[in-house]
Structure formats: structure tokens, C-alpha cells
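This briefing describes the strands and helices of the structure shown here. It begins with strand pairing and then turns to the helices.

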Amino acid sequence: MDTDQNEQKQQVPVPSLPPQQEPAVERILMLGYGNLDRQDDGVAWHILRQVAERLNTQLPETPEEYLYELSPSITVGFALHLIPEHTEWLSRYERVLFLDAHTGSVPQDVSFTLLKPQFEPSPFTHHLTPATCLALCETLYQKSPQGALLSVRGFNFNFSQSLSPSARLLLEPAVEQVLKWLG
């Protein structure tokens, strides 16, 4: 037998190992809402911009799109108010953080609340509460992401895109709360 045939006989195919499965990436949506032209009502966008910076990403000064991907697992959204169509967005994620301003009816300046899907009356007829969005998502898509609401006290709601000095002081604690929630 010549050496080429000898080498061929000695080569035994090695069985391939099963492919390593990557751990499932938890998809997260941070959905801010408010009116950027009404001063502190737009605080959610300011928080999202600072969170993006802390995650080494940039968001534009004002939102030009509805959704921005900060990473393969984290998406940011911004809208004027919550509407039924947002439930389709929610159905794509495992966790959702809603961000909004509040007017002082909530005792804490920066309030963090875990949410359960439930239909709630809204003080306005043109939008939904975060809990109602989760309930609609559950009803329409048979999926309900874990939800939480971060609301920040608004002090001035004049016609301006700049936050009031008092609301600006709450940005850092709000950003820290978001980063803590992200894990």
C-alpha cells in the first residue's frame, strides 16, 4: 500500500458537535411619550437621550422616527401619547418601560411602578394608560410583556422644548432608575 492510501484509511471523520445555542436575548422596549413642545411634558425624550448616551449611543435632539434601536436587545420609542396601535409594538418585546411626566398627583418626583395588564379609564379620551396598553396587547396578541412606568414630575408646561430647571434636576435620578431597571 502506498502512503497516500495509508493516510486516507487513517483519517476518520470526527462527528460534529451539536451547535451551541446562544442564550435567548431578552428584547426590551423603552417607550416614552409626551409633547416635546410643552416643556416638561417632553421629559421622557430627554431621559431616553441621556440613557442612550450612557449606553454609548446617540439619539437626535428631537425624535425623527418612532423607534430607534440602541442595541440588538434594546429599542427606544417615542410618541405624543399612547394609542391602541402601540400594542403591536409591545407584542414584540419581553419587557417594556413606559416613560412620562406627571403633574404632582403622584407624591414622588421620580416614580417607578411595576404594571399589571388591566383596563383602566384614562383621564383623556385620546390616549391609553400603560396598563391598558398591556391589557390590549394581551387580548390582541396573547402576549403581555413585563411592564413598568417611570414618571417624572413636571413643573412647567409652557410652549418650549427646554425643560424647566426643576425638571432638569430630576433627569439624573430618572436615568439611574432606568439603568437599574435595564439591569
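Leu29 stands opposite Thr75, a residue of strand β3. Helices (H or I, at least four residues) and strands (E, at least two) are DSSP runs, numbered from the N terminus, and two strands pair if DSSP finds at least two bridges between them. The model is predicted: local features need pLDDT of at least 70, side-chain atom pairs count only at pLDDT 80 or more, and totals for chains, interfaces and linings use all residues. Residues are numbered from 1 along each chain as its sequence is written, and side-chain values use heavy atoms, with hydrogens and water left out.

**The sheet**

- Six strands make up an open sheet of mixed pairing, in the order β2-β3-β1-β4-β6-β5.
- The edges are held by β2 (67-69) and β5, each with a single partner strand, so one side of each has no neighbour in the sheet.
- From one strand to the next, the twist averages 20 degrees; axes are lines fitted to C-alpha atoms, for helices over the stretch in contact, and angles run from 0 to 180 degrees between N-to-C directions.
- Strands of a sheet pair through backbone hydrogen bonds, either parallel or antiparallel.

- β1 runs parallel to β3 (residues 74-79), to which six bridges join it.
- Within this pairing, Ile28 has Ile74 as its bridge partner in β3, and Leu31 stands opposite Gly77.
- β1 also runs parallel to β4, through five bridges; there the bridge partner of Ile28 is Arg95.
- β2 pairs with β3 in the antiparallel sense over three bridges, and the two strands form a hairpin with four residues between them.
- Gly77 in β3 is the bridge partner of Leu67.

**Burial of the strands**

- Six of the six residues of β1 are buried (under 20% relative accessible area, with exposed over 50% and partly exposed in between; 1.4 Å probe, protein chains only), so β1 is largely enclosed by the rest of the structure.
- On one side of β1 the buried residues are Ile28, Met30 and Gly32, and on the other Leu29, Leu31 and Tyr33.
- β3 is mostly covered, with six of its six residues buried: Ile74, Val76 and Phe78 point one way, and Thr75, Gly77 and Ala79 the other way.

**Helix α3 and His86**

- His86 lies in helix α3 and counts as buried, at 5% relative accessibility.
- Leaving aside neighbours within four places in sequence, His86 is in contact (heavy atoms within 4.5 Å) with Leu31, Ala79 and His81.

**Helix α4**

- The twelve residues of α4 (residues 130-141) should span 16 Å at 1.5 Å a residue, and the end C-alpha atoms are 16 Å apart, which agrees; the expected span is 1.5 Å times one less than the number of residues.
- Pro130, Ala131, Thr132, Cys133, Leu134, Ala135, Leu136 and Cys137 are the buried residues of α4.
- These buried residues pack against β1 (28-33), α3 (86-90), β4 (95-102), β5 (110-115) and β6 (146-153).
- Gln142 follows α4 and has a positive phi, near 55 degrees.

**Helix α6**

- α6 (residues 171-182) has twelve residues and reaches 16 Å from its first C-alpha to its last, close to the 16 Å expected at 1.5 Å a residue.
- Its buried residues are Leu171, Ala174, Val175, Val178, Leu179, Trp181 and Leu182.
- Seen down the axis of α6, the buried residues fall within an arc of 160 degrees, so they line one face of the helix; the arc is that of the directions from the helix axis to the C-beta atoms.
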